[in-house]
Amino acid sequence: MPETPDPQLSADLIADPSTDLERAASLIAELPDYPAPGIVFRDITPLLADGPALRATVDALIEPFAGSFDVVAGLEARGFLLASAAAYATGAGLMPIRKAGKLPRPAVSVDYELEYGTATVEAHDDLPEGSRVLLLDDVLATGGTLVAGRDLLHQLGYHVAGVAVLFEIEGLGGREFVNDPGLHTVFHS
């Protein structure tokens, strides 16, 4: 009986990451006036539903930081999805950074400004001091969420190994506000 080929290996040999990334970019839907008038929401749900596009996206998010982190932190809520996939793909741990009031024992809270209001993020202190953490989120707009996440990690005594986002909305000053020369984004608008 002939040996059945490993489907994962076959997919790896056939998949063209640039094509998968192009498809991933085309799957990000833009919804005007959500969650508030004047805001264009980037819906990544269709991208998440496409396995090859998701895999190529996660690979592209973490590639510049290979070997430099032990834990992946994801900002609520869509950052959780990307961070979970990245942690699994690399064998790293996962750290959720949650909105205020969602954790039973938050160790640190950081307030920040959104383009349409204010918010607070919180996290536990479950990792050893000095842990190397890669911070992921879905969209970089004004940069408040990423700066809050990074500040939170520093307050907990962790080393920020890098910061990456799926999609950067240029022209809103987010990159300048984050002020991190190593900030990595996969897609831009």
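Visitor: What makes a residue count as buried in this protein, and what share of the 189 residues is buried?
Guide: Buried means under 20% relative accessible area, exposed over 50%, and partly exposed in between, with a 1.4 Å probe and protein chains only as cover. By that cut-off, 44% of the 189 residues are buried. Please keep in mind that this is a predicted model, where local features need pLDDT of at least 70 and side-chain atom pairs pLDDT 80 or more, while totals for chains, interfaces and linings use all residues. Residues are numbered from 1 along each chain as its sequence is written, and side-chain values use heavy atoms, without hydrogens and water.

Visitor: Why is strand β7 called mostly covered?
Guide: Eight of the nine residues in β7 (residues 132–140) are buried, so the strand is called mostly covered.

Visitor: How do you know that β7 pairs with β3 and with β8?
Guide: Two strands pair if DSSP finds at least two bridges between them. Strand β3 (residues 71–75) runs parallel to β7 with four bridges, A73 being the bridge partner of L135. Strand β8 (residues 159–168) is also parallel to β7, over eight bridges, and there L134 stands opposite G162. Both counts meet the cut-off, so both are pairs.

Visitor: What makes residues 1–15 a place for caution?
Guide: pLDDT is the predictor's confidence in each residue, from 0 to 100, and over residues 1–15 it stays under 50. Where pLDDT is low, the predicted coordinates should not be read in detail. Helix α1 (residues 7–14) has the lowest confidence, a mean of 35, whereas β3 has the highest, at 98.

Notes. Helix = DSSP H or I, 4+ residues; strand = E, 2+ residues; numbered from the N terminus. Contact = heavy atoms within 4.5 Å.
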